[in-house]
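Please open the model in your viewer, show it as a cartoon, and keep the sequence panel beside it. The tour below says what to select at each stop and what is there.

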Amino acid sequence: MSKKRKTPEELRSHRWYGVNDLRSFGHRSRTAQMGYSREEYAGKPVIAILNTWSEINPCHTHFKQRVEEVKRGIWQAGGFPIELPAQTLSEPFQKPTTMLYRNFLAMEAEETIRSYPADGVVLMGGCDKTTPALLMGAISMDLPTIFLPAGPMLNGNWNGVTLGSGSDTWKYWADLRAGKITEEDWKGVEGGIARSPGHCMTMGTASTMTSAAEALGFTLPGFASIPAPDSRHAQMSAKTGMRIVEMVWEDLKPSDIITRKSVDNAVTTCLALSGSTNAIVHMIALARRAGVDLTLAQYDEIARRTPVLANIRPTGKYLMEDFYYAGGLRAMLKELGELIDGTQMTVNGKTLGENIADAQIYSEEVIYRRAKPLMPDTGLAVLRGNLAPDGAVIKPGAAEKRLHVHTGKAVVFKDYNDMAARIDSEELDCDENSVIVLQHAGPVGAPGMPEWGQLPIPQKILQKGVRDMLRISDARMSGTSYGACVLHVAPESFIGGPLALVQDGDLIELNVPERRLNVLISDEEMARRKAAWVAPEPRFRRGYGAMYQMHVMQANNGCEFDFMQRDGVGGSCASAGGEPEIH
């Protein structure tokens, strides 16, 4: 693409620093107070670095060092870096769920960029919700933006067994509950499953979304696959700092990068990776910030034609470190051929096709060829029926095939506490053919739609050797999880969706090939139950929670706030934000 290069007087920061008035005097004198002279910033692009590092976010432990490498690159390229801390979303620690705060960080990112003298932005994230949140905010603000992915941690190890975060947690927890391993074994898994900085090295939400960010065009080519401790990750951080300065002069913005086709590229990437089901919620929200109306139906349409090529847990065998050595995301994108639109622009000023032209697959055990994929299609399936009029999702590759077409009696839990109290009771009326149903786990009801969707299998069923059952909820589940888990049921039960009306003993039918999800009761009985349903009390009375429950949309609309999407997209009536006045 060709644009006229900006002059120093055209920089956005010039309004703060370059004007000869009283307010600019204040900005310059306060910058001098921090130890900088005019020569260090005058006429140079000011680069905001949104850093989500904190001492309770293990995925971003290395960001204290990486931000210094980004700054080094910015200085070398003739820019002026300003590090701005942003809310940390620490997946393992934040309760009830980081999803409750994704929109909070998206708003913070947008308003931070808008209100300070930034000409361009480096987004530092990786732990699950930070990637979509930061991108959502930056897309709405539309200044030159580049994303720095945290990178996956190294493979886990315990007594010679390779461990994958999340996936092996659930596996060995089930074995412990079934008496297959000892408490000492469990402690060994605990000590070996997470042994370096970086996010989950399975194909969880973190690796799915950083890969989507690269496919969208927001990272330097190949960056999303590099393990966090690798020295090449540090080198790419410095190059990211260098590149954002040039992007400012070129005026290369998110609106030049995100199109309908680049969104389709990102969705195709998520599906070819057999990525996290969470990606569908994030991609809908992110795309709509750019005015691209991504829907569940479109996602399912792309799923039906996209092969799964990445042999990565939980669907496959290997981990992200292996994926990187096998050629990484660039190699997989090249293998997808015409399923990827290579004409789309990326942050390095080249097209996606140019960025992957020389990529090679170095291990066909980790990255499969299209001619012989891990799965021919259906990395994710969108279900509909009287139980989910607005849709639900399942990851077929993570479920036992015998459950892809299944009918069983419902065992209903009214909320998470009810489930925790009764799931292992010997009195629970349940067998391996039952369908476990969890209510009040959605965006409003939980609150925040936590990752409760990989519902536990009752202990008495585990002891029979059963490791998968059909489970249904309006929750999400970790991308590192597995099992026949139907998720994101919309509308959710807390606001009166059909899931609220299911009772113990109802027959529930799942048919993945036909994309059906139904409770086998008559329309008349459904209407009778609906008429008798009583709305529960609101979860919040004040603060952010009260705003959240009033404005959050359902999972099929990306759990976005109704006032934050673009006009005419997803039923929103939001208007674009303006630039601040400098007084």
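Before the first selection, one term is needed: a residue is called buried when its relative accessible area is under 20%, exposed when it is over 50%, and partly exposed in between, with a 1.4 Å probe and protein chains only. This is a predicted model, in which local features need pLDDT of at least 70 and side-chain atom pairs count only at pLDDT 80 or more, while totals for chains, interfaces and linings use all residues. Residues are numbered from 1 along each chain as its sequence is written, and side-chain values use heavy atoms, with hydrogens and water left out.

**The whole protein**

Start with everything selected: the protein has 21 helices and 14 strands, where helices (H or I, at least four residues) and strands (E, at least two) are DSSP runs numbered from the N terminus. Buried residues make up 62% of the 583 residues.

**Helix H16**

Now select residues 328-335, which form helix H16, a mostly covered helix with six of its eight residues buried. Those buried residues are Gly328, Leu329, Ala331, Met332, Leu333 and Glu335. They pack against H9, helix H12 (260-272), helix H15 (320-325) and helix H17 (352-356), and contact here means heavy atoms within 4.5 Å. After H16 comes Gly337, whose phi is positive, near 60°.

**Helices H9 and H13**

Two packed helices are described by the angle between their axes and the distance between the axes. Select residues 205-216 (helix H9) together with 278-289 (helix H13), which pack at an angle of about 35° with their axes 10 Å apart; the axes are lines fitted to C-alpha atoms over the stretch in contact, and angles run from 0 to 180 degrees between N-to-C directions. To see the contact, show the side chains of Thr205, Thr208, Met209, Ala212 and Leu216 on H9, and of Asn278, Ala279, His282, Met283 and Leu286 on H13.

**Loops to inspect**

Next, go to Ser274, in the loop between H12 and H13, where phi is near 50°, a positive value in a residue other than glycine. Ser274 is buried, with a relative accessible area of 2%.

Then move to the loop between S10 and H19, where His440 is placed; its phi is near 55°, and at 19% relative accessibility His440 counts as buried. Pro447 lies in the loop between strand S10 (435-438) and helix H19 (459-462), and the peptide bond from Ala446 to Pro447 is cis, with omega near 5°.

Finish at Pro491, in the loop between strand S12 (485-486) and strand S13 (507-511), where the peptide bond from Ala490 to Pro491 is cis, with omega near -5°.
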